[in-house]
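Morning, everyone. Please have a look at the chain on the screen, and then I'll walk you through it.

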Amino acid sequence: MTHVAFLGLGAMGSRMAARLLQAGHTLTVWNRHPAACAPLNALGAKVANTPRAAASQADVAIAMVRDDEASRSVWCDPDIGALSGLPAGALAMDCSTLTPRWTRELAAVAHARGIGFLESPVSGSRPAAEAGQLVFLLGGEPVAVQQAAPLVAAMGAASHHLGPVGHAALAKLATNALLGLHVAGLAEVIALLEREGADPAPLLQAMATTPVWAPVDHPLSAGMLRRDFQPQFPVTLIAKDFGYALHTAGGANHAPVLAATLAQFQRAIEQGLGELNMTALIRALPAPSP
């Protein structure tokens, strides 16, 4: 049994933290909006007022937050940051989707305090988090991977150690970039079929028998056809990840397709679609002519 501090209880973090409780680990939780802690408190988790307080007795602290800025605040705030509370020899894990530059900086700060660090972004949806079926991408020293193994097993179905810190962040940004390209491509293909007066469903079924079809295209296209945009991965979040990927790539000259796709997601946000699922990108395209 491990004493875990879990920092950030959004749609993914709350489900991941619940998996740790179900596996029998001791849990202290913190969230920027304290009301989000109540369901886990009811399941047996302790609640802390700050990341520092949450981490003060922990063997492992895990963060699952929105972006680099939030990660920096949670870990490194001079007054309430978790790294100032974690005991020496403890492990810090960040499961957020971050830039490689920041994860390397964070690892250096942790190591300077005698704290281990493992970057551990995850791939998977909210249902996957609830079912413990996430895929963990890990970057760090083998000893940190071993220390985190029981927790990763409680929250995920697979894990991949990709080498030093920074490599997992790269893999996660590349994964989400490819996912977003699938979203944008399917949105335009479905719009094309509809614009030409075709029923897209049977045409897509035929396409699905060809080598160009990827497994993820099934749920993406199905949601677009149903016009079901309940958020699993909101437009705002994938746009954030595209921005990180584009910056890491060196800008639009080096990644023009990423830049064009990011512009499409930004257009969707400007049209008020930001909090819908990323597949709502199809709604940002011009409607078929009558």
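A word on ground rules. This is a predicted model, where local features need pLDDT of at least 70, side-chain atom pairs count only at pLDDT 80 or more, and totals for chains, interfaces and linings use all residues. Residues are numbered from 1 along each chain as its sequence is written, and side-chain values use heavy atoms, with hydrogens and water left out.

Back to Met207. Its place is in helix 9, residues 200-207. Helices here are DSSP runs of H or I with at least four residues, strands are runs of E with at least two, and both are numbered from the N terminus. Leaving aside neighbours within four places in sequence, Met207 is in contact with Val189 and Trp213. Contact means heavy atoms within 4.5 Å. Now look across to Ala153. Met207 and Ala153 are 54 residues apart along the chain, and their C-alpha atoms are separated by 36 Å.

Now the whole protein. It has 12 helices and 9 strands. The C-alpha trace spans about 65 × 45 × 35 Å along its principal axes. How does the radius of gyration fit a compact globule? For 290 residues, such a globule would have a value near 19 Å; the protein has 20 Å, which agrees. That radius is taken over C-alpha atoms, and the globule rule is 2.2 Å times the number of residues to the power 0.38.

Next, burial and surface. Of the 290 residues, 50% are buried. The protein exposes about 13,200 Å², and carbon and sulfur atoms supply 56% of that. These areas come from the Shrake-Rupley method with a 1.4 Å probe; for residues, only the protein chains shown count as cover. Take the contacts between residues at least 6 apart in sequence: 65% of them join residues at least 24 apart.

Let's go to the start of the chain. Thr2 is found in the segment before strand 1, residues 3-7. Thr2 counts as buried because its relative accessibility is 17%. Not counting residues up to four places away, Thr2 touches His25, Thr26, Asp59, Val60 and Leu151.

Helix 1 covers residues 11-22. Its 12 residues should span 16 Å at 1.5 Å a residue, and its end C-alpha atoms are 17 Å apart, which agrees. The expected span is 1.5 Å times one less than the number of residues. Buried residues in helix 1 include Ala17, Leu20 and Leu21. Gly24 follows helix 1, with a positive phi near 95°.

Leu27 sits in strand 2. Leu27 counts as buried, at 2% relative accessibility. Outside four places in sequence, Leu27 contacts Val4, Phe6, Ala17, Leu20, Leu21, Ala45 and Lys46. Val212 is 185 residues from Leu27 along the chain, and their C-alpha atoms are separated by 44 Å.

Is Pro34 buried or exposed? Pro34 is exposed, with a relative accessible area of 61%.

On to helix 8, residues 167-195. Helix 8 has 29 residues and reaches 42 Å from its first C-alpha to its last, close to the 42 Å expected. Gly197 follows helix 8, and its phi is positive, near 80°.

Arg227 also has a positive phi, about 55°, although it is not a glycine. Arg227 lies in the loop between helix 10 (217-226) and helix 11 (235-249). Arg227 is partly exposed, at 39% relative accessible area.

Last stop, helix 11. Its buried residues include Val235, Ile238, Phe242 and Leu246. What covers the buried residues of helix 11? Helix 4 (68-76), helix 8 and helix 12 (256-270) are among the cover. Just after helix 11, Gly250 takes a positive phi of about 105°.

Terms used:
Buried means under 20% relative accessible area, exposed over 50%, partly exposed in between (1.4 Å probe, protein chains only).
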